[in-house]
Structures are given as C-alpha cells and as structure tokens.
Protein chains: 4
Amino acid sequence: MNEEDYFKNLTDRERAIFEGGISMGALFHQFVGTPVSVDTASSLEEAIKKSILLQPAVIDVSVKLNRNLIEKCSGVMGYTSLTGEMLSIKLTTKIKEKTITTCISYDENLQYPIMYIED
Amino acid sequence: MNEEDYFKNLTDRERAIFEGGISMGALFHQFVGTPVSVDTASSLEEAIKKSILLQPAVIDVSVKLNRNLIEKCSGVMGYTSLTGEMLSIKLTTKIKEKTITTCISYDENLQYPIMYIED
Amino acid sequence: MNEEDYFKNLTDRERAIFEGGISMGALFHQFVGTPVSVDTASSLEEAIKKSILLQPAVIDVSVKLNRNLIEKCSGVMGYTSLTGEMLSIKLTTKIKEKTITTCISYDENLQYPIMYIED
Amino acid sequence: MNEEDYFKNLTDRERAIFEGGISMGALFHQFVGTPVSVDTASSLEEAIKKSILLQPAVIDVSVKLNRNLIEKCSGVMGYTSLTGEMLSIKLTTKIKEKTITTCISYDENLQYPIMYIED
C-alpha cells in the first residue's frame, strides 16, 4: 500500500486539514520545554520551521516566538523554557488544489494556545 | 471569543478530523523518547491515554505499545526509548453527531508510522 | 566494552551525581508539555516515576505535581500543559555504597525550576 | 537564596559533572523525535547547540547527527524521527577552574546511546 491509499476516504480539503492538525500538534509537543532566550529565539524558529516543512503536505511555515514573553520569563538565569503561550505559528498544507492554513496563537480569555484553521 | 467561534469555517466532520490530527501529532511527539521496558509499558499506555483524553473533542483512546519490539530493542540495559515504530493507537473525536477515528500504525513498506482516518 | 568500563574515571559518588543529573534533565524535557489536569495528575506521576526508575543507577523516585498550580493554569479548557514550575521531584541514585538524592523544585526568586543535590 | 547556595555541598568538579549530566539528559529527551532529513540536519544541530549553551555552566557544545543513519531510516517519506542512535555530542561544563567534557555516543554492543565523562 502506498501513502495515497491511506487517504481515499478523505477529500483533498479534509486531508489538508488533517495534515495541518498533525503538524501543529507535533511541533507544539516536540519543542515546548526547549531552553530559549531572546538571543537564541531566531535559531530555534529556524529549526522548528525546517523540521515541520519535512512533514507530509506542508508547503510553508511561519514561526514567531514572543520575545517579550521570553524576556519576561527569563529571570536571573538568563533563559527560560519554551511554552505554548510564546508560540505564534502558521503552517500551510496543500493536497492537489486545496490549500489550508493552520494557526496557533495564545488566547488570553481561554488561557490556552488555540489551534485553528484560518479562513 | 469562545472556543466554538474559532471553528465556524469548518463542518463538524472537518473539525473532528482536525482535532484527531492534532491529538495524534501531539502524543507522538510528546511521548517518543520516553524510557520504556516490557514491565512499564502498561503504565505508559495508561498515562498516554489519560493525557490525550484531555484534548478537545477526544472521547476515546486505545493505546497498544509493541512489547516484542520493546523487548528486542532493550539490550543489556533492560530498557529502550519509545519510538514511533512501537505505537499502535486509535483515538476517537466527536463534534456534535460526527465521529472520527484517527489511527497510527507502522507501515513496513513506507518505513513510517503513518497516521490516517479509519473508515 | 561493558557499561562499567565507561566510568573508571569517576568515583562512585561522582557517578551517582552524574546519573542523578542525567535522569533529572531527562524527565524534565521528556514530560514538560504533557496535557495534564487535576484528575490525571496521579496517572502522570506514576508514569514519570516508572519510566525514570528504568534509568541507570536510579533506585527510588518520588514525583509530586502541584495540583494548585495545575488548577490555576487550567482555564475554561479544563486542562493545561505540564511546566517545570509544577514539578517537585526527588530521585535517588546508588553506585555501590554511595547514595545521592537529586531534587528539582521551583525557586520563586530565581524564576527557575532548580535541580540540586540534597545533603 | 541565590543559585550558588544550592551547590555548597558539591566540589567544583562534582558540580561540573552534575551540570554535564543534566544538560545531556535534557537535550536527548527534548530533541529525540524531531523530524529530520539529511538536508535539515545542520539546522537542527545548530538549534540543539544554541539551546544547550544556555544551560548553567555549559561553555561549549559540539553536535554531530549521523547523516548515514538519517538517510538509511528516511524511507520513501524523505525524512525520519531523530533517535538516540543518531547522536554524537560533546558538551563542556566549567565551574571555576574545573572543566568536564560529557559525551553521548551509540554503543553497538550495549544497543544503547551511552552518556559518559571523557578523560
């Protein structure tokens, strides 16, 4: 069985949504906890971007880590651990003609880094 | 904005697929690497199950870790690190009347732990 | 070369300290980010304990997750992601006659979950 | 209490060993599972290096990911998940005049990525 055969029961749009969800869940749980400072934020953004671009159907990734929050959390040790609150990420998945943009951003009311599909 | 407002652009089925993808990507990248032996496999299965049941829309989770592979990889140290190859998991997400079962299992031909939607 | 041969350049006490450091660093970065609620805290404590007991030289582990902080962080979604701030852990490593207790607890002044050796 | 006060019960050498163990355990469990290919290996090496240099007492880090093994594991999907078997890392910790080099490399006989102190 090749990869495509697994997805015969999904429309192209549904599969693009599925792959977007997988990759967003993956990067959150892979990278939360990583030591990070204002100085190393851009190196970590680059590594997150490159690793997620490897995942099936992902064609574009934009990663922004919140420097203000990283600085505020760093304390006297000079660094902190990456949390979901610091993530602002968009990733684009494409299956044939269908393109989907999956986002994560922190919602203050929900106290929760919410993942959703952009219109 | 409450949680539901984020998902107005998805059908119930699409959102169930999205949440299934998120939770499967999440558990893979959270737990791969965990020290595991034949003796601790059931405790780890339980913790994976309970943590993933917390995620949005997830109503059922079944986790089976491959004991034969854990034993084969354990060597003289008596344990190994959890890999994607050892995972056989199904999780069910439900949005209103729509129920979706998301799976991961290792495909030998693809050399890849593939995530897909069960019919 | 067997395992012992790697450690001929360390005293028993030094190796117990080394193994304590490894296992504390390991569990922090393995489990931070895991979905957790007040209801699932004890299952996660058990899985952390059992997985870390597999590591070399570890003979005892006590894991306490801060329920008050888990509850405070949970918001309307009913759960949160495990952070270093929530961890209060002691693990004991033993090499021959030398026993060492390694701890992690959150230090408010340092804004940092500090790892240290107990007297 | 400041950071130094936690370590009055350790010699400088013991503390350098402790911090080496913590950082090696940390990076293993933070990064194992990350999607990686031959093309993204150097970006991931750089991010691992920069994040670990933030940790207490770490003054130098060298990270080599095994491209041959990454390629062999990649299969038709074009990438794989980072495993302990792919890691060849040295990190140097220094406390006052005492310098310690902590290593991880895969031992075929032990079937285990062993962490040890270099002479």
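These questions and answers walk through a predicted model, from one chain to the contacts between chains.

Visitor: How are the residues, chains and ligands labelled, and which pLDDT limits apply?
Guide: Residues count from 1 along each chain as its sequence is written, and chains are lettered from A and ligands numbered from 1 in the order in which they are written. In this predicted model, totals for chains, interfaces and linings use all residues, side-chain atom pairs count only at pLDDT 80 or more, and local features need pLDDT of at least 70.

Visitor: In what order do the elements of chain A run?
Guide: Elements are DSSP runs numbered from the N terminus: helices are H or I with at least four residues, strands are E with at least two. Chain A has three helices and six strands. From the N terminus on, the order is α-β-α-β-α-β-β-β-β.

Visitor: What percentage of the residues in chain A is buried?
Guide: A residue is buried if 20 or more other C-beta atoms lie within 10 Å of its own, exposed if 12 or fewer, and partly exposed in between; C-beta atoms are placed from the backbone. The C-alpha trace of chain A spans about 55 × 30 × 20 Å along its principal axes. Of the 119 residues in chain A, the buried share is 49%.

Visitor: Which element gives the largest share of the side of chain A that touches chain B?
Guide: The contact takes 26 residues from chain A and 26 residues from chain B. The copies meet through the same surface, because 100% of the interface residues of chain A are also interface residues in chain B. On the side of chain A, α1 and β6 (112-117) each supply at least two residues. The largest share, 13 residues, comes from α1(A).

Visitor: Are α1(A) and α1(B) roughly parallel or roughly antiparallel?
Guide: Two packed helices are described by the angle between their axes and the distance between the axes. Axes are lines fitted to C-alpha atoms, for helices over the stretch in contact, and angles run from 0 to 180 degrees between N-to-C directions. Helix α1 (residues 12-31) of chain A packs on helix α1 (residues 12-31) of chain B at about 30 degrees, with axes 6 Å apart. Angles under 35 degrees count as roughly parallel, over 145 as roughly antiparallel, 65 to 115 as roughly perpendicular and the rest as oblique, so α1(A) and α1(B) are roughly parallel.

Visitor: Which element gives the most to the side of chain D that touches chain C?
Guide: Chain D supplies 27 residues and chain C 26 residues. On the side of chain D, α1 (12-31) and β6 (112-117) each give at least two. The top contributor, with 14 residues, is α1(D).

Visitor: Is the crossing of α2(A) and α2(D) left-handed or right-handed?
Guide: Helix α2 (residues 41-52) of chain A and helix α2 (residues 41-53) of chain D pack at about 145 degrees, with axes 9 Å apart. A crossing is left-handed if the near helix is turned anticlockwise from the far one by less than a right angle, and right-handed if clockwise. The residues that meet include A:L44 and A:A47 in α2(A), and D:L44 and D:A47 in α2(D). The crossing is left-handed.

Visitor: What is the phi of B:A57?
Guide: Most residues other than glycine have a negative phi. B:A57 sits in the loop between α2 (41-53) and β2 (58-65) of chain B. B:A57 counts as buried because 21 C-beta neighbours lie inside 10 Å. Although B:A57 is not a glycine, its phi is positive, about 75 degrees.

Visitor: Is B:T93 buried or exposed?
Guide: B:T93 lies in strand β4 (residues 87-95) of chain B. Its contacts beyond four places in sequence include B:A57, B:V58 and B:I59. With 27 C-beta neighbours inside 10 Å, B:T93 is buried.

Methods. Two residues are in contact if their C-beta atoms, placed from the backbone, lie within 7 Å.
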